[in-house]
Every structure is written in C-alpha cells, then in structure tokens.
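Please view the sequence and the structure below before reading the points.

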Amino acid sequence: MALHTLIGMVDVESPPGRGGGGGGRAEPARAGSETLRPPPFEEFLESNRTAVYRFLLASAGPDADDCFQETFLSALRAYPRLRDESNLRAWALAIATRKVIDSARSRARRPVPVEDVGEAASSADPAPVDANDPLWQALRTLPPRQRAAVAHRFVLDLSYAEIAAALGGSEEAARANVYQGLKKLRERMGNDDAFEE
C-alpha cells in the first residue's frame, strides 16, 4: 500500500485528544503561544523521507518498506499536535528507530516454518538486501539497538547526541551501542582495522 494511500486513510484534522501513534512527544499547541507551526505534512515528508529511508534500509533490511510506511503513518497521526518545527528530522528518525526495534522484536516472535517437525527451528533473520555481502550478513546479526546506532552513525553520519535522541537514551548509551556494534562487526568480519571512525 502506497504512503499517499495511507495519508488519505488518516483523518489529519482529528482533534488533539484522539488517536496517537507518534511516540507521545507531540503535544497540542497552546492558544496564544509563540511557537512556529510545522510546515504542511507533505513538505515534512518530502524533506525527511530520503534520510529516513536510508536509515531504514541499513537497519531494517527487508522490512525497510514496511517500517517506512509505519514511521510516516505514526508521524501523520501525531503531526497535528506538534508544538513547533524545531527538529522535525530528529523526531522522524526517533519514530523510525522505534519502528526498527519493534520490527526486530516482532520478527523474533514469529514462528519459523520447518519442513520436518524433528528439525530445530532457525532463529536467523530473513536474508538482507544482498545476501552474499558479508557486511550485510554481519550487520543483521547485531542486536536491534546496536544495529540502529551503527546505521545512524555510519549511514546518516549523525552525531552521538542525535543518535541518543533517536534511540531515546543518553549520549553515553549511544556511544556504547556504536562501540559494541563496531566491535562485533570487526570480530565477525575478521578485520580489526575495519569500520574506523
């Protein structure tokens, strides 16, 4: 289903008290407040979709398209309640990060079909975009928060403060997730000099 179809299905003009889905960060604008209203949703989507999709391709792999749609559907629901436009990109990436983590958790709970009941079920993730690329294979084995942190740092070139905002934690936790993710990637790739900052 295309995103513009999803936009048509959601009532953008719904009252602030109805429905959510944006992660609870959007709040109604106060009457008489001097905050800048966000641009129309279409402008917000156009200016942020490339960065969000690049992050999702790196961190969600085959689920990137689904996470992309869920990210902007959640953003669309919460958009009328935003107070200002101070950092819409960080807000969109925070929603996308939560969708990646939710997707990984959901995938881990799905039953894995097997041909023979006697075999042990595999808990491996679905094949990444290029199943033959060792880097993609190694990246897909990282825990969701580490995978998201590494993707934010090296795909989008975000600062640790921006990664912390997207992951919903401290800057130290963002550094730790990037460090641990890189350490595991180096071990799996067998190259201690790879992935230098």
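The model is predicted: local features need pLDDT of at least 70, side-chain atom pairs count only at pLDDT 80 or more, and totals for chains, interfaces and linings use all residues. Residues are numbered from 1 along each chain as its sequence is written, and side-chain values use heavy atoms, with hydrogens and water left out. Two packed helices are described by the angle between their axes and the distance between the axes.

**Helix 6 and its burial**
- Helix 6 spans residues 144–154; helices here are DSSP runs (H or I, at least four residues), numbered from the N terminus.
- The buried residues of helix 6 include Gln 146, Ala 149, His 152 and Arg 153.

**Helix 6 with helix 8**
- The axes of helix 6 and helix 8 (residues 171–189) come within 8 Å and cross at roughly 95°; axes are lines fitted to C-alpha atoms over the stretch in contact, and angles run from 0 to 180 degrees between N-to-C directions.
- This angle makes helix 6 roughly perpendicular to helix 8, because angles of 65 to 115 degrees count as roughly perpendicular, those under 35 as roughly parallel, those over 145 as roughly antiparallel and the rest as oblique.
- Residues of helix 6 that meet helix 8 include Arg 145, Val 150 and Phe 154; contact means heavy atoms within 4.5 Å.
- By class, this contact has 7 nonpolar, 4 polar and 3 charged residues; Ala, Val, Leu, Ile, Met, Phe, Trp, Tyr, Cys and Pro count as nonpolar, Asp, Glu, Lys and Arg as charged, and the others, Gly among them, as polar.

**Helix 6 with helix 2**
- Helix 2 and helix 6 pack at an angle of about 140°, with their axes 9 Å apart.
- That angle makes helix 2 oblique to helix 6.
- Phe 55, Ala 58 and Ser 59 of helix 2 touch Arg 147, Ala 148, Ala 151 and His 152 of helix 6.

**The nonpolar core**
- The largest nonpolar core has 42 residues; such a core is a set of buried Ala, Val, Leu, Ile, Met, Phe, Trp, Tyr and Cys residues joined through side-chain atoms within 4.5 Å.
- Helix 2 supplies the largest share of this core, 9 residues.

**Thr 71**
- Thr 71 lies in helix 3 and is buried, with a relative accessible area of 1%.
- Not counting residues up to four places away in sequence, Thr 71 touches Val 52, Leu 56, Ala 92, Ile 95, Ala 96 and Lys 99.

Definitions and conventions:
Helices (H or I, at least four residues) and strands (E, at least two) are DSSP runs, numbered from the N terminus. Buried means under 20% relative accessible area, exposed over 50%, partly exposed in between (1.4 Å probe, protein chains only).
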